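Hi there,

Here is the structure I promised to pass on to you.

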Amino acid sequence: MKWNPEPILAIFKMRLKVYSRYPGWIILDIIAPIIFSVIPFLFAVGIAGSLERAAEIFGNYAGTREFLFYIAIGSAVWGFSTGITWDFGMWLYEELETGTLEQILLTPVKVYELLLGAILYTSFISTINFFLSITIIAILFNCLHYVLSIDFVLALLVVVLGIIPLMGLALFFGALVLKLKEPWAFFNFLTAFMVFICGVFYPITILPPIARAIAVVIPITIAIADARAIIFHLNFIFNPKIDLILLIVYAFLWPLLGMHMYKRVEKELRQRGEITVF
Amino acid sequence: MKTTEHHAVIIAENLKKIYETKVPIGLFRRKKKRVIALKGVSFSVNEGEIFGLLGPNGAGKTTLIKILTTLLLPDAGRAIVNGFDVVKQPEEVRKSVGVMLMGERALYWKLTGRENLEFFGSLYKVPKDILKKRINEIVEFLGIQEFIDRLVETYSSGQKVLLAFAKALINDAPIIFLDEPTVALDPRRAIEVRQKIKKLKEEGKTIFLTTHIMQEAEELCDRVAIIDEGRIVAIGTPDELKRTIKGKSAVEVDIVCSNPKTITITEKIQQIDGVHKIAWDVTSSEKGEIVRIRVICDNPREILPPMMEILLNNGVKIHYIKPEEPTLEDVFLYYTGKLLA
């Protein structure tokens, strides 16, 4: 039978239309990356006394003096990745609260179609935010040459490869959100935890060994570290080959785990009659 | 000899459902509570008929609809919809049914009515050209042209109900579930919707309908099932059901009375010989609380004198008292001991 992507596109279009009807969201999404881009600059000057001194200290442990762009890459990849990871669960919860999840689940739409529709939308919004924040930083701090290099394109490929395991992670978190029904507490805790463990603002080499072991299970860590390694010619987490294999393994493992978890939770919700309970 | 064969498109066999809920008894402590929603429900719905499900709040109507539309899994029993098992073949069941559940929360308020229909139609994978044509047909069929291109957030409750009805038709399913389809509509719109439901039946659709409105059930339904406390207590055509209480009569009484006194009065009336069932409901008016009492009895002539005595002795003002032929509402009262509306 011919594959029909219509449900995926319908979810994408529906969410985009709803987004476009809240102009405040759009303005906030444009302003937020600018504000976040300036924070590391202010931190550096505040702590080290000057940009030059900050670059020197940072270069000693990170291997590059370009700390502003280093952090920008980390936070942009992290923002993009967490957008994909969280959005599905938060969207499902929103649908649960508004009552439309029940209506969606009355249709023959499949779980993967729901997920891909949601991810298509998030990827679209996150990609705009990603390029916006990277470009602003690059222009503000004179790093445009990094963005225009072939290494930047390669780094983007690593990020794109990292999206597949993230889909699994998204399903996994989506299932947890539906089960626990406390998305914000869960979101706030795990966001802070992932900023800490995935090396958004620093290399994970400075973390204790146990934290590093946990970090490499999360595909976002590899995407961030390898994107930086390619752009700044730094060390990869293991080496390019192993990192790539890990990403490929996660690309199978996380979606399988996520799908299993989601189906289990959905069945549980249908069993308990909790599709409308939030 | 030509025979009419009835082909069942919905079959429920001994469906059971128990909810386990957690009631908070402190900041972090929860107490488990079991609620038996369905206690072994069996029935079938024939192709092309309008089947009505009547029951008071909490009787198990919504649970039953949710099981038949795959939103809820039964704990025991089996349900077949359009030839597909609701547990083993949920996707096929979903393709076979159009569903309108009660409430306004079924729609995207930040989309227009048309955008809502386009979205849900796409989830059913209706091809684009067909979908566009079908939406126009549904809009014309329901007469909702005036507001279909406005954002749903600007709709009245009745308009939202009509859009939810339109949504149930978007996949052109052979079986349509309608949960209280006229509940928020003004009388004119309600009549129109009933006519549309009849038209859908003429087109060969099977309609599974829940309603609180007895006249609606009598007017629309080929067969009716009465559900109470998780059991089907009676099933048949409206005429068949009325015949089950043949030989019994109804008496309707309207009085102005306070609540505690009504309880005393109805308890006394219940004790009169020949009274089978009694139920009452209250509506407030400028003059006070108007109590409508409905009594099922063997012979109104025999119960009217003692009933009048009870009413007059309690000093209530009688607005109206009249023996009547039993209606579907009386069948409902007879089997459940409750008034529906």
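Let me start with a pair in chain A: A:Glu268 forms a salt bridge with A:Arg272, and their closest N and O atoms are 3.5 Å apart. By salt bridge I mean a side-chain nitrogen of Lys or Arg within 4 Å of a carboxyl oxygen of Asp or Glu. Both A:Glu268 and A:Arg272 sit in helix H12 of chain A, four residues apart, or about one turn of the helix. Helices (H or I, at least four residues) and strands (E, at least two) are DSSP runs, numbered from the N terminus. A:Glu268 is partly exposed at 22% relative accessibility, and A:Arg272 is partly exposed at 41%. Here buried stands for under 20% relative accessible area, exposed for over 50%, and partly exposed for what lies in between (1.4 Å probe, protein chains only).

Before going on, please note that this is a predicted model, in which local features need pLDDT of at least 70 and side-chain atom pairs count only at pLDDT 80 or more, while totals for chains, interfaces and linings use all residues. Residues are numbered from 1 along each chain as its sequence is written, chains are lettered from A and ligands numbered from 1 in the order in which they are written, and side-chain values use heavy atoms, with hydrogens and water left out.

Over all chains, the count comes to 33 salt bridges. In chain B, B:Asp172 pairs with B:Lys205 in a salt bridge whose closest N and O atoms are 2.6 Å apart. B:Asp172 lies in the loop between H5 and strand S7 (175-179) of chain B and B:Lys205 in the loop between helix H6 (187-202) and strand S8 (206-210), so the pair ties together parts that are 33 residues apart in sequence. B:Asp172 is partly exposed at 44%, whereas B:Lys205 is buried at 10%. Another salt bridge joins B:Glu219 to B:Lys198, with the closest N and O atoms 2.9 Å apart. This pair links helix H7 (residues 214-220) with helix H6 of chain B across 21 residues. There is also a network of salt bridges in chain B, with B:Arg292 and B:Arg294 among its members.

A:Arg228, in helix H11 (residues 219-232) of chain A, may interest you too. This arginine is buried yet has no salt bridge, and the nearest side chain of opposite charge, A:Asp226, is 9.8 Å away. For charge, Lys and Arg count as positive and Asp and Glu as negative; His and the chain ends are not counted. Beyond its neighbours within four places in sequence, A:Arg228 is in contact (heavy atoms within 4.5 Å) with residues including A:Tyr70, A:Phe201 and A:His233.

As for chain B as a whole, there are 11 helices and 14 strands, and 52% of its 341 residues count as buried. Its C-alpha trace spans about 70 × 65 × 45 Å along the principal axes. Helix H3 (residues 113-123) of chain B is mostly covered, with nine of its 11 residues buried. Those buried residues pack against helix H1 (6-20) and helix H5 (100-105) of chain A, together with helix H4 (128-142) and helix H5 (157-168) of chain B. Just after H3 of chain B, B:Lys125 takes a positive phi of about 60°.

Best wishes
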